[in-house]
Amino acid sequence: MLLCLIFFSFAMQLLYVAETTMPEFTTPVIDSYEYHTQAIRILAHEVPSIPFWRPPLYPYWLALIYRFVGPDPALARYVDVIWMVVTCVLTFAIARRVLSARLAFFSGLLIPLCGPLVFQFGQLMPTGMAVS
């Protein structure tokens, strides 16, 4: 049951990321641009000298992704799919402990079917990491 949930959440988020044709998908803007720029600076060993005014872990996570796939925001979004899967598994685990296995499965199934969550998890933003 859990494997089905993992596969479904992974497939749904991957499908969304693959089908996205917004210009912002390949060229980050506003907040995504800031995270992208910080990640590239971190890769160049330029640790930010001013305190972070946004969540500090995400630029380092993005720099780690960029180290393996290159500084491509579109490819980084594919790696960020992991946060949707983590959220589904955690929702399942919590619901199973509090409710029943059947309700836990349906609780986890609702996560990749929630449009705003799918959209937020597909952005180059720390939302997925924060929700997970």
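Leaving aside its neighbours within four places in sequence, which residues is I6 in contact with? The residues are V85 and V89, where contact means heavy atoms within 4.5 Å. I6 itself lies in helix α1, and is partly exposed, with a relative accessible area of 27%. On this scale, buried means under 20% relative accessible area, exposed means over 50%, and partly exposed lies in between, using a 1.4 Å probe and protein chains only. The C-alpha atoms of I6 and V86 are separated by 8.5 Å, although the two residues are 80 residues apart along the chain.

The structure is a predicted model, in which local features need pLDDT of at least 70 and side-chain atom pairs count only at pLDDT 80 or more, while totals for chains, interfaces and linings use all residues. Residues are numbered from 1 along each chain as its sequence is written, and side-chain values use heavy atoms, with hydrogens and water left out.

The overall picture comes next. The protein chain has eight helices and zero strands; here helices (H or I, at least four residues) and strands (E, at least two) are DSSP runs, numbered from the N terminus. Read from the N terminus on, the elements run α-α-α-α-α-α-α-α. Along the principal axes, the C-alpha atoms fill a box of roughly 50 × 30 × 25 Å. Of the 132 residues in the protein chain, 37% are buried. Among contacts with a separation of 6 or more, 65% are between residues 24 or more positions apart.

Helix α1 (residues 2–19) and helix α5 pack at an angle of about 145 degrees, with their axes 9 Å apart. Axes are lines fitted to C-alpha atoms, for helices over the stretch in contact, and angles run from 0 to 180 degrees between N-to-C directions. α1 passes α5 in a right-handed crossing; a crossing is left-handed if the near helix is turned anticlockwise from the far one by less than a right angle, and right-handed if clockwise. On the α1 side, the contact is made by L2, L5, I6, S9, F10 and Q13, and on the α5 side by M84, V85, C88, V89 and F92. These residues divide into nine nonpolar, two polar and no charged. In this grouping, Ala, Val, Leu, Ile, Met, Phe, Trp, Tyr, Cys and Pro count as nonpolar, Asp, Glu, Lys and Arg as charged, and the others, Gly among them, as polar.

The expected span is 1.5 Å times one less than the number of residues in the helix. Buried residues of α5 include W83, M84, V85 and C88. C88 has a relative accessible area of 1%.

What about the cysteines? The structure holds zero disulfides, a disulfide being a pair of cysteine sulfur atoms within 2.5 Å. For C4, the nearest cysteine sulfur is that of C88, 13 Å away. For C88, the nearest is that of C114, 11 Å away.

Helix α2 (residues 30–43) and helix α3 (residues 57–69) pack at an angle of about 65 degrees, with their axes 8 Å apart, and α2 passes α3 in a right-handed crossing. Y35, H36, Q38, A39, I40, I42 and L43 in α2 meet Y58, P59, Y60, L62, A63, Y66 and R67 in α3. By class, this contact has eleven nonpolar, two polar and one charged residues.

The 14 residues of α2 should span 20 Å, in agreement with its end C-alpha atoms, which are 20 Å apart. S32, Y35, H36, T37, Q38, A39 and I42 are buried in α2, and the buried residues of this helix pack against α3 and α4 (73–79). H36 is one of them, with a relative accessible area of 11%. Leaving aside its neighbours within four places in sequence, H36 is in contact with P28, L62, Y66, P71, P73 and L124.

Just after α2, H45 takes a positive phi of about 65 degrees, a positive value in a residue other than glycine. H45 is placed in the loop between α2 and α3.
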